[in-house]
Amino acid sequence: LALGITWILDGLEVTLAGALSGALKDSPALQFTNFDVGFSNSAYLAGAVLGALGFGWLKDRIGRKKLFFITLALYLTATAATALSWGVASYALFRFLTGAGIGGEYAAINSTIQELIPARVRGWRDLVINGSFWIGAAMGALGSLVLLDPAVIDPERGWRLAFLIVASLALVIFFMRLWIPESPRWLMTHGRAEEARRVIEGIEARFDALAPAHDLPRVRLRTRRVTPLREVAQTLFQRHRQRTLVGLSLMVAQAFFYNAIFFTYALILTDFYGVPSGRVGWYILPFAAGNFLGPVLIGRLFDTKGRRVMIAFTYIVSGVLLAVTGYLFARDLIDAETQTICWMIIFFFASSAASSAYLTVSEIFPLEIRALAIAFFYAVGTGIGGIVAPWLFGVLIDTGSRVSVFGGYLLVAALMIAGG
């Protein structure tokens, strides 16, 4: 719960930011264009890239738990500051800092999942924890219906209040983090065996009966406080080069896929289907439902059928379905409601695909560099796919051409199919 609730918060905040794009364009203080919306979203993702790298480097040195509080404090402060934005530059800056906090969270949480959850059930739990993002997305969609309703509150105040509410929820999560122990595996590799033993004993005390551990095979560990960056680079680009290429292909494809569509979803509805910005939340609700139900219902197959089969299946199906939906959109054969149903089906599979990318890169690299490895793959994937995609689709949507947008969808679909 203490891990998953962060993704709920992230989903809430990101969905509100997307749903608020219409309000930001209508704001008398900000007066955003579609380019400004895409630029701000890219600033958020740029912050996430740098935050993931910087905090990922620190997590392998000072531990998972300390960084949990540092990254959340940065996220909380920057989100509250976003509510006080007075122009494009200030809004983009605060979104950049918010992204830095979230980027740090990605590496910490996914490395902690690997180190606290047994491998035999890790696949489903990892996918569900990452998929809980969409519970927050649904909450954000519902919140936008109220906060952007002129009959309830002035939209100029509503979008500011939305960010303040998210920041207040982050404060609650800050105290929930006290329940999470430090990773005993991290403690062991850093020469703190006695602390690791106490953590393990605390976990085991919660269970009535456990199988005896005295006959299990033992391994010899070499403890050290720091893994040199040179050795990290050798591990990624020489010793495990093929694993690195697999991880990069998965992360880049899913990052481009998600950020291209999700960050511009509200613009598609408002610009091409004439949906009022205050009603965008109704369309995001089923979209979020498909994203969350995918990991819940098919996530266990990653533990029973295997990672490789399910990763290929979810990536390829997502790409094919996106290409078909894009064609229907280009030919103007679907309305806003049908488009939403199509997204719901596509992301039922795409959500599991995206979460499995994090599962993969966190399982295939050594413990000593795990957080930094996750941060590296997240940063490269988000840097290539996440930063470019919102900007590119913002430009394509500004053309007003369905065919141009379809071309973008084909590009994203090809990346997913290739990744699978």
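The model is a predicted one.

The axis of α17 has a bend of about 35° at Phe347. At the start of this helix, a side-chain oxygen of Asp335 comes to within 3.3 Å of the backbone nitrogen of Glu337. Most of α17 is covered, with 22 of its 28 residues buried.

Searching the whole structure gives three cavities of 30 Å³ or more. The largest cavity holds about 420 Å³ of space. It is lined by 23 residues, of which Tyr106, Phe133, Gln254, Tyr258 and Tyr358 are the closest to its centre. Helix α17 is one of the elements that supply at least two residues each to this lining; the others are α1 (4-19), α3 (34-62), α5 (88-116), α7 (133-147), α12 (241-262) and α18 (370-386). The most comes from α12, which gives five residues. Sorted by class, the lining of the largest cavity has 16 nonpolar residues, six polar residues and one charged residue.

The second largest cavity has a volume of about 40 Å³. Its lining consists of Ala17, Leu24, Val37, Ser40, Asn41 and Tyr91. Here α3 provides the largest share, three residues. By class, four of the lining residues of the second largest cavity are nonpolar and two are polar, with no charged residues.

Terms used. Residues numbered from 1 in each chain as written. Predicted model: local features only at pLDDT ≥ 70, side-chain atom pairs only at ≥ 80, totals over all residues. Heavy atoms only, no water. Bend = angle between axes of the 7 residues up to and from the residue. Helix = DSSP H or I, 4+ residues; strand = E, 2+ residues; numbered from the N terminus. Buried < 20%, exposed > 50% of the residue type's maximum accessible area, 1.4 Å probe, protein only. Polar contact = N/O pair within 3.5 Å; in protein donor to acceptor, adjacent residues only side chain to side chain. 1 Å grid on protein atoms, 1.4 Å probe; cavity = no way out; pocket = protein on both sides within 12 Å on 5 of 7 lines; lining within 4 Å. Points joined across faces, edges and corners; volume = space filled by probe spheres on them. Nonpolar A, V, L, I, M, F, W, Y, C, P; charged D, E, K, R; others polar.
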